[in-house]
Structure formats: C-alpha cells, structure tokens
Amino acid sequence: MIDIRDFDLDQALNALPSYQAELLKSLVRSNGEEKTAEIWIDSNGPREIRHYGGTSGTQLVTNSNYWKRFKKQIDGFICGGQDWEEENKQAKKIGEGGIISISTGIAQAISPALGIAVPILVPPIVLVLHVAAKAGIKAYCANKNYVESIKSNSKDEEDVRPASL
C-alpha cells in the first residue's frame, strides 16, 4: 500500500502545464475530483485528427472503457496489488519529490497496461491520489474492496444496494 499524505490540490494542479491546470480546475469545480478524472480519461480529444491507419476520430470506437481499466490499475497501485509491488517501492522513493513526481512515476508504470501516454495519465492520477489521500489510503482501499465485494456477490450490477438493517 502506498503512503500518500493529503496535499493541496490547487498547488499540485498549478505544477501541470497551464492549459491542463485551468481546464482541470474548471472541471473539478463542476464535477468533483473523481468524476473529472473519469471525464479526462474517457475524452476523445480532437475530432478531425487522422489516427494511425488513416481513420478519423469519428470513425473510431468511442466506448473503449478506459476509465474502468484506469481505475483497476490505479487502485491496484494505490492499494498494493501484487502486480505493482516493485513499482510501488520505486514510487515511495520518488514520492519525496512531490505529488507530480509520484504521479509521473505511477503513470510510467501503468501506461503500458492502458496504452495511454504518460502526459495524459498524470492529471487523473493526481486527482485520484488526492481523493485517496483525503479519505486516507486505508479507508480508500477498504471502501474499494467493499464495493467490489458487493458487485461480485450481486447478480445485477445495476442494482447494488446495502442490506437494510
């Protein structure tokens, strides 16, 4: 489990390029931190860019489910998943350099698994780390495990409710 203390989100966002920082601050004000991270990860980017193979952005599959894949990777990293033991040790060393340094280290570790470039991953990682740090890492991970156990025991994921007393 990674050890991250609460940090000033505005100060962390100001360390990002200004075009990212201003957009993220606006999105956080409107949507909150975790929803902003989801919006950032699932955004399609410019619409009329030609991608590899010559297809335009509008012809690509739009529901790639990056957010679920991102959350699985970042939660595993934060909560000490076995896949990330070595990277977690390295992140603890990097963490002394500040939240942007640790976010970049995490982005470098999970980027290959997601197929998303490191600069795109750093902002949502900062946001998710801030959510986890505010709640406390143990509480964040316990809540994540609780929600996952409810979903795995439920036949219909859309109808997940706590048992009544």
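## Helices H3 and H4

H3 and H4 make a right-handed crossing. A crossing counts as right-handed if the near helix is turned clockwise from the far one by less than a right angle, and left-handed if anticlockwise. The model is predicted: local features need pLDDT of at least 70, side-chain atom pairs count only at pLDDT 80 or more, and totals for chains, interfaces and linings use all residues. Residues are numbered from 1 along each chain as its sequence is written, and side-chain values use heavy atoms, with hydrogens and water left out.

The axes of H3 and H4 lie 8 Å apart, and the packing angle is about 120°. Axes here are lines fitted to C-alpha atoms, for helices over the stretch in contact, with angles from 0 to 180 degrees between N-to-C directions. H3 and H4 are therefore oblique to each other. Angles under 35 degrees count as roughly parallel, over 145 as roughly antiparallel, 65 to 115 as roughly perpendicular, and the rest as oblique.

From H3, the contact uses Glu-34, Ala-37, Glu-38, Ile-41 and Asp-42; from H4, Tyr-66, Trp-67, Phe-70 and Lys-71. Contact means heavy atoms within 4.5 Å. Five residues of the H3 and H4 contact are nonpolar, none is polar and four are charged. In this scheme Ala, Val, Leu, Ile, Met, Phe, Trp, Tyr, Cys and Pro are nonpolar, Asp, Glu, Lys and Arg are charged, and the others, Gly among them, are polar.

## Overall fold

The chain has eight helices and zero strands. Its pattern along the sequence is α-α-α-α-α-α-α-α. Helices (H or I, at least four residues) and strands (E, at least two) are DSSP runs, numbered from the N terminus.

The chain holds 165 residues, and 37% of them count as buried. Buried means under 20% relative accessible area, exposed over 50%, and partly exposed in between (1.4 Å probe, protein chains only). Among contacts with a separation of 6 or more, 62% join residues 24 or more positions apart.

## Helices H3 and H7

H3 also packs on H7, at an angle of about 160° and with the axes 9 Å apart. That makes the two helices, H3 and H7, roughly antiparallel. Their crossing is left-handed.

On the H3 side are Glu-33, Glu-34, Thr-36, Ala-37, Trp-40 and Ile-41. They meet Ile-120, Leu-121, Pro-123, Pro-124, Leu-127, Val-128, His-130, Val-131 and Lys-134 of H7. The contact of H3 with H7 has 10 nonpolar, two polar and three charged residues.

## Helices H4 and H6

H4 and H6 cross at roughly 135°, and their axes come within 10 Å. H4 and H6 are therefore oblique to each other. The crossing is right-handed.

H4 brings Tyr-66, Arg-69, Phe-70, Gln-73, Ile-74 and Phe-77. H6 answers with Ile-106, Ala-109, Ile-110, Ala-113 and Leu-114. The H4 and H6 contact counts nine nonpolar residues, one polar and one charged.

## The nonpolar core

The largest nonpolar core has 38 residues. Such a core is a set of buried Ala, Val, Leu, Ile, Met, Phe, Trp, Tyr and Cys residues joined through side-chain atoms within 4.5 Å. Phe-7, Phe-70, Ile-78, Leu-121, Ile-125 and Leu-129 touch the most other members. At least two core residues come from each of H1 (9-14), H2 (18-31), H3 (33-42), H4 (66-79), H6 (99-114), H7 (118-135) and H8 (137-153). H7 gives the largest share, 10 residues.

Phe-7 touches Ala-12, Ile-99, Val-126, Leu-129, His-130 and Ala-133, leaving aside residues up to four places away in sequence.

His-130 is part of H7. It is buried, with a relative accessible area of 6%. Not counting residues up to four places away in sequence, His-130 touches Asp-6, Phe-7, Leu-9 and Glu-33.

Ser-103 is in H6. Ser-103 is buried too, with a relative accessible area of 0%. With residues up to four places away in sequence left out, Ser-103 touches Val-122, Ile-125, Val-126 and Leu-129. From Ser-103 to Pro-124 is 21 residues in sequence and 9.0 Å in space, C-alpha to C-alpha.
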